[in-house]
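Please read the following note with the sequence and the coordinates open beside it. The points are numbered so that each can be checked separately.

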Amino acid sequence: MAGSSEYGKLFTILAVKKLFEEGLIRRVLDIGAGSGTYSELLRGHTPDAEWHGVEVWEPYLAEYDLHSKYDVIHRADARELDYGSLIPGGEPGPGFDLTLCGDVLEHMEKEDAQVLISKLLENSRMILISIPIIHYPQGEVHGNPYEAHVKDDWSHEEVIASFPSIQTFFIHNYIGLYMLSAAADLSVPLARLNAGIGGIIKAKVPEEHVVAWGAFQ
């Protein structure tokens, strides 16, 4: 989420806060925890939720004190993780209510991104993707090879065509945010979320800024 605008953060906070207030979020999974940006931004709006983080770059765990920002940290490559094994007790159905996939998919090949999202849809009732939708090259950062952008030319149209179950989206400048869900019982709450946030965004985002938002049924 490092590249997200203040309006992208506003959308994210509004969406997560509303879903939590409706009782739809009790366990969160943050893919590519990094410095713990999502935890810092959202945990205050999900006070009783259990937060899991996944981070592949081991130095970040100590550098950003991730163990203090998440209830559970999984040091692993998100593409290789068995998500069904993360929840003790073998609860039936998806183990997570919301999975955050912020600034992650551009760090892998398109096919890997599609497989990852498919796996996450099986193990999470909702997924929030944040991704640059312009040509956005990036190399290693602070010696971390996983920070390099592997597919650096995503577009809004390609995101829509590549990932199933997109329910709503919000675009500001070069960042796209997409809410996905394959859960039939979430269609009404997500439609309600889209309508409510749309009005707030119109009221708060200056007209001179380029913004798009919408819903898919």
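**Notes on the strands and salt bridges**

1. Within strand β5, T99 has I127 as its bridge partner. Strands (E, at least two residues) and helices (H or I, at least four) are DSSP runs, numbered from the N terminus.

2. This is a predicted model, in which local features need pLDDT of at least 70 and side-chain atom pairs count only at pLDDT 80 or more, while totals for chains, interfaces and linings use all residues. Residues are numbered from 1 along each chain as its sequence is written, and side-chain values use heavy atoms, with hydrogens and water left out.

3. On another side of the pairing, β1 and β4 run parallel and are joined by four bridges, with T99 of β4 as the bridge partner of L29.

4. β4, helix α5 (residues 110-123) and β5 form a right-handed β-α-β unit, right-handed meaning that, with the strands pointing away from the viewer, the path from the first strand over the helix to the second runs clockwise.

5. I31, in strand β1 (residues 27-31), is buried at a relative accessible area of 1%. Leaving aside neighbours within four places in sequence, the contacts of I31 (heavy atoms within 4.5 Å) include V54, Y83, T99 and L120.

6. The count of salt bridges comes to 12, each being a side-chain nitrogen of Lys or Arg within 4 Å of a carboxyl oxygen of Asp or Glu. One of them joins the side chains of E22 and R192 (2.8 Å, N to O); this pair links distant parts of the chain, with E22 in the loop between α1 (6-21) and β1, and R192 in helix α7, 170 residues apart. E22 is partly exposed at 27% relative accessible area, and R192 is partly exposed at 41%.

7. D153 and K151 also meet through their side chains in a salt bridge (2.7 Å, N to O), and salt bridges that share partners join K110, K151, D153 and E158 into one network. Within this pair, K151 is buried, with a relative accessible area of 11%, whereas D153 counts as partly exposed at 42% relative accessibility.

Conventions
Buried < 20%, exposed > 50% of the residue type's maximum accessible area, 1.4 Å probe, protein only. Pairing = 2+ DSSP bridges.
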